Amino acid sequence: MLRLGLLLLIVPMLALMGVYFWEYSSVRECTLSGGHWDYLEGVCSDTPQPFVSWLQRYPWLVNGGMLLSLIGLALCMVGLYTKRR
């Protein structure tokens, strides 16, 4: 139970960070070339675009990842609380 809890605690956060930094590299490349990133379409444009947060664009990904991490934390606590056989 402890291993499953640790897996559920760590993997969703690493996945969220991976997807975030993948998009961030595209945003950085766009802004360094003089463009403006369109967060809703995911493309570089010539006109300024409003910022749209991750929570507004991917609510199931963010909230689901946090929920899986909380379940993993609970499993870790139970796994540490119970005695090994």
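S69 is buried, with a relative accessible area of 9%. Buried means under 20% relative accessible area, exposed means over 50%, and partly exposed falls in between, using a 1.4 Å probe and protein chains only. S69 lies in helix 3. Leaving aside its neighbours within four places in sequence, S69 is in contact with L8, L9, P12 and M13. Contact here means heavy atoms within 4.5 Å.

This is a predicted model: local features need pLDDT of at least 70, side-chain atom pairs count only at pLDDT 80 or more, and totals for chains, interfaces and linings use all residues. Residues are numbered from 1 along each chain as its sequence is written, and side-chain values use heavy atoms, with hydrogens and water left out.

Now take the whole chain. Its secondary structure comes to three helices and two strands. Helices (H or I, at least four residues) and strands (E, at least two) are DSSP runs, numbered from the N terminus. Read from that end, the elements run α-β-β-α-α. The radius of gyration of the chain is 18 Å, well over the 12 Å that the globule rule gives for 85 residues, so the chain is more spread out than a compact globule. That radius is taken over C-alpha atoms, and the rule is 2.2 Å times the number of residues to the power 0.38. Along its principal axes, the C-alpha trace spans about 65 × 20 × 10 Å.

Helix 1 covers residues 2-32. It has 31 residues and reaches 45 Å from its first C-alpha to its last, close to the 45 Å expected at 1.5 Å a residue. The expected span of a helix is 1.5 Å times one less than its number of residues. Which residues of helix 1 are buried? They are G5, P12, L16, E23, V27 and C30. These buried residues pack against strand 1 (36-38), strand 2 (43-45), helix 2 (54-57) and helix 3 (59-81). After helix 1 comes G34, whose phi is positive, near 95°.

Helix 3 has 23 residues. From its first C-alpha to its last it reaches 33 Å, close to the 33 Å expected at 1.5 Å a residue. Its buried residues are V62, G65, S69, G72, C76 and G79. What do they pack against? The partners are helix 1 and helix 2.

Start with G5, in helix 1. At 0% relative accessibility, G5 counts as buried. Beyond its neighbours within four places in sequence, G5 is in contact with G72, L75 and C76. The C-alpha atoms of G5 and L68 are separated by 9.4 Å, although the two residues are 63 apart along the chain.

Then turn to G65, which lies in helix 3. At 7% relative accessibility, G65 counts as buried. With neighbours within four places in sequence left aside, G65 is in contact with P12, M13, L16 and W60. G65 and M13 are 52 residues apart along the chain, yet their C-alpha atoms are separated by 6.6 Å. S69 also has P12 and M13 among its contacts.

The strands come next. V43 lies in strand 2. Is V43 buried or partly exposed? With a relative accessible area of 41%, V43 is partly exposed. Leaving aside neighbours within four places in sequence, V43 is in contact with H36, W37 and D38. V43 and S26 are 17 residues apart in sequence and 8.6 Å apart in space, C-alpha to C-alpha.

At 46% relative accessibility, T47 counts as partly exposed. T47 and G79 are 32 residues apart along the chain, and their C-alpha atoms are separated by 53 Å.

Of the 85 residues of the chain, 24% count as buried. Among contacts between residues at least 6 apart in sequence, 55% join residues at least 24 apart. The chain exposes about 6800 Å², and carbon and sulfur atoms supply 68% of it. Accessible areas come from the Shrake-Rupley method with a 1.4 Å probe; for residues, only the protein chains shown count as cover.
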